[in-house]
Amino acid sequence: MKRILSGMQPTSQLHLGNYLGALKNWVDLQNSEPDNQNLYCVVDMHAITMPYDPATLKKATREIAAAYIAAGIDPDKSAIFAQSAVGDLHAELMWLLATMTQIGKLNRMTQFKDKAGKNAEKAGLGLYAYPVLMAADILIYQATHVPVGEDQKQHLEITRDIASTFNHRYGQDFFTLPEPMIMGSATRVMSLRDGTKKMSKSAESDLSRINLTDDADMIMDKIKRAKTDPEPLPDNLPDLEKRAEADNLITIYAALASTSKEQVLAEFAGQNFSIFKPKLAELTIEKIAPITSRMRELLQNPDEIDQILHAGAAKARAIAAPNVQKVKEIMGFWG
Ligand code: TYM
């Protein structure tokens with residue numbers, strides 16, 4: 001049995017990168033491997049490492065939970081919970097793990113460099129220690145597999161590193177070393193405005209991303225305005241991969257259609273973007289619209305989402321508490 005754990009930050013609306021790089025894969029895994037134990041967290045304690053609005057954090061947390069459910073995460077098959085609902089245990093384990101995390105490794109984290117920017121001296125300790133909290137999120141459940149997009153690879157590496165340091169230092173094979181699962185064809189969805197930059201929540205232009213809450217007209221408009229080159233689509237992968245924007249759109253199509261890029265090229269080789277883009281927009285709308293409308297329905301009843309989050313937190317706590325207890329015993333604490 002695999003124990004799967006993953007999470008998303010309630011920082012703003014989810015976009016197509018979050019869906020194709022992570023959420024869609026979680027749903028596929030849940031449905032194709034029914035024996036797995038699944039834990040899907042809304043990582044609200046990570047969301048406060050950058051400036052945020054306390055008045056909207058609760059709503060944003062419910063929105064992410066609603067997106068999980070609307071996309072197909074079934075609360076009967078997967079625990080859906082807010083990190084802060086088990087926050088005492090996550091934070092406690094984080095502190096214990098922080099004592100065995102090398103600063104040199106934290107200094108190499110690209111996400112910190114990206115987020116802190118030129119002002120690293122003024123960045124908060126929380127942003128710097130972010131990977132240690134993420135390691136605690138994973139190790140506290142002894143997760144065996146962590147399905148994420150490619151940008152989280154480095155965080156998984158440091159998690160494995162911290163786990164093996166613990167096992168080595170205390171001479172016990174206690175922590176499971178989690179495997180990253182970087183699945184599907186869209187492990188790194190790029191911006192619609194610049195095929196060399198990742199699609200992200202923080203990019204200034206809303207035209208750079210498709211949000212899970214965009215309506216059909218917005219999706220059509222954004223895809224029509226997506227940056228491309230003047231050439232028709234090629235008939236082979238090496239030629240496609242030399243063209244960042246074209247490659248990104250074909251990747252998105254392949255992931256949405258659950259097929260390969262080769263298959264998409266076989267269908268559209270030689271066609272112009274004026275033909276391909278409306279097809280891509282139609283497919284995106286077909287896949288996203290049902291999720292958006294289900295999300296809207298769910299959000300009309302926040303009590304129902306809260307019940308799901310409470311039940312998920314109870315399941316998560318039941319796994320986390322004995323693991324933290326065991327870590328403290330191994331580390332020699334009193335009590
Ligand atoms: P976050 O909230 O930035 O992103 C959530 C998930 O979406 C994936 N993703 C993408 N995949 C493909 N293309 C993109 N353009 C793209 N943008 C985002 C991310 O890889 C991720 O899987 N640190 C994590 C949250 C976290 C976590 C955890 C994840 C905290 N604790 C424990 C797994 C396990 C993050 O910032 O995700």
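**View 1. Asp206 and Lys222 form a salt bridge, with their closest N and O atoms 3.0 Å apart.** A salt bridge here is a side-chain nitrogen of Lys or Arg within 4 Å of a carboxyl oxygen of Asp or Glu. This is a predicted model, in which local features need pLDDT of at least 70 and side-chain atom pairs count only at pLDDT 80 or more, while totals for chains, interfaces and linings use all residues. Residues are numbered from 1 along each chain as its sequence is written, and side-chain values use heavy atoms, leaving out hydrogens and water. Asp206 sits in the loop between β5 (179-181) and α9 (216-224) and Lys222 in helix α9, so the pair ties together parts 16 residues apart in sequence. Helices (H or I, at least four residues) and strands (E, at least two) are DSSP runs, numbered from the N terminus.

**View 2. Lys222 also meets Asp214 in a salt bridge (2.6 Å, N to O).** Lys222 is buried at 3% relative accessible area, and Asp214 is buried at 5%, whereas Asp206 is partly exposed at 31%. Buried means under 20% relative accessible area, exposed over 50%, and partly exposed in between (1.4 Å probe, protein chains only). Asp206, Arg209, Asp214 and Lys222 are linked in a salt-bridge network.

**View 3. In helix α13 (residues 273-299), Arg294 and Glu297 lie three residues apart, about one turn of the helix.** Their side chains meet in a salt bridge (3.4 Å, N to O). Arg294 is partly exposed, at 35% relative accessibility.
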